[in-house]
Amino acid sequence: MRKSLFQSQSVPRIRWLSLLNSWKNLDWALLILVIGLTLFGGLMIRSTQLNLGYTDWLQHWIIGGIGCIFALFISRWRYELLIQWQWIIYGITNVSLLAVIFVGTTALGAQRWITIGGFNVQPSEFAKLGLIITLAALLHNKGASTLSGLFKTLAIAAVPWGLVFLQPDLGTSLVFGAISMGMLYWANTNPGWLILLASPIVSVVLFNVYLPAWFAWVGLLALLAWTTLPWPRWGTAAIVAISTMCGFLGDVFWGILKDYQKDRLILFLNPEKDPLGGGYHLIQSRIAIGSGQLHGSGLYQGTQTQLHFIPEQHTDFIFSAVGEELGFIGAMGLLVVFWLICFRLVMIAQNAKENFGSLLAIGVLSMIIFQVMVNIGMTIGLAPVTGIPLPWMSYGRSAMLANFLAIGLVEAVANHRNRNKF
């Protein structure tokens, strides 16, 4: 009887030890930083809605808690199995984006959501993760050190990118581009080729803004093409021709954009041009951040935030609430946390046991870095207002879940590495 009782007590204990042992190599620093950001984001969301009676801050925490559970569950998986599912994941990603076009819900001038069970789900947020997995599986063996590998990767990434752009969701489509560029760089693509890929955007701007600068830019591109492309003469001629064509087609592209997209692209340069319209958000955001000065006005004490001068501040402009109520010190503290998250992602990428896991971590890193830079840049007037949320800070159920799923994948890479802990 004693032996039977001892065995019945030890079995649950062994199971708990086995469960904890499955997370022994987890990057706890990364997970704690992300959870901390989520909790802090809920506090700031509550500050932006303190007198309105909304409970978005509570939903932010609940979705964050659910996402954290998902991340812990995913971190136990053998993530390498995703390689076998890459095309199924790619297909599901594109089908979900197609579904938005045909049965999606329209709001704020764009069709980005699908209503499921009374909740609006934004497939483009999860499509970021689908693209990361697809490109990591595609690049983990051969990389993209050849032009054929580069063009193959771009062709695959172009399909979901185009579907997102047609919604239209310019901000998320830019995130897709950042993910692709970051993963291509990590897959040994010639950096000069990546500059040439991004050059048409710069050519369009310079051609229509300052022609002498455009000539200097084309000269630089010609030199870069001559020194990096395998066929210097034809490559240089093609790059010059493409830059010229892009300059002339700038007006055509401009005509394709919606009016609100045009405002977002140019009003950040001079928001006072339309202070009560498209420039209103940016003007009020800059006033809020500037009034915070060094220490801030105190949590729940910011006048711009508490008097709701910034519409929808709990989403894209949450950083302005941080700047006003916690000041320069609080804003810099937030940036330090994001830097630490990115540092942990780089460490995981460097210590991954194979290329697939390393590329997964770099894809998530590229996504987070770009979103942080653009979101904070637009709140202080250094970038166009593109509607890109601040990871784990801005309110958004789909974005929160997608970000935690991404962290779960990266934690799986860390948890199953064969090297010593770093």
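Reader: Hello! What should I know before I start?

Author: Welcome! This is a predicted model, in which local features need pLDDT of at least 70, side-chain atom pairs count only at pLDDT 80 or more, and totals for chains, interfaces and linings use all residues. Residues are numbered from 1 along each chain as its sequence is written, and side-chain values use heavy atoms, with hydrogens and water left out.

Reader: Is Gln284 buried or exposed?

Author: Buried means under 20% relative accessible area, exposed over 50%, and partly exposed in between, using a 1.4 Å probe and protein chains only. Gln284 has a relative accessible area of 11%, so Gln284 is buried.

Reader: Which residues is Gln284 in contact with?

Author: Contact means heavy atoms within 4.5 Å. Beyond its neighbours within four places in sequence, Gln284 is in contact with Gln304, Phe309 and Ile310.

Reader: And where is Arg46 found?

Author: Helices are DSSP runs of H or I with at least four residues, numbered from the N terminus. Arg46 lies in helix 2, residues 28-48, while Gln284 belongs to helix 13, residues 280-292. With a relative accessible area of 31%, Arg46 is partly exposed. Setting aside residues up to four places away in sequence, Arg46 touches Trp57 and Tyr300.

Reader: How many disulfides does the structure hold?

Author: A disulfide is a pair of cysteine sulfur atoms within 2.5 Å. The structure holds 0 disulfides. Cys68 counts as buried at 13% relative accessibility, and Cys342 counts as buried at 14%.

How values were computed:
Helix = DSSP H or I, 4+ residues; strand = E, 2+ residues; numbered from the N terminus.
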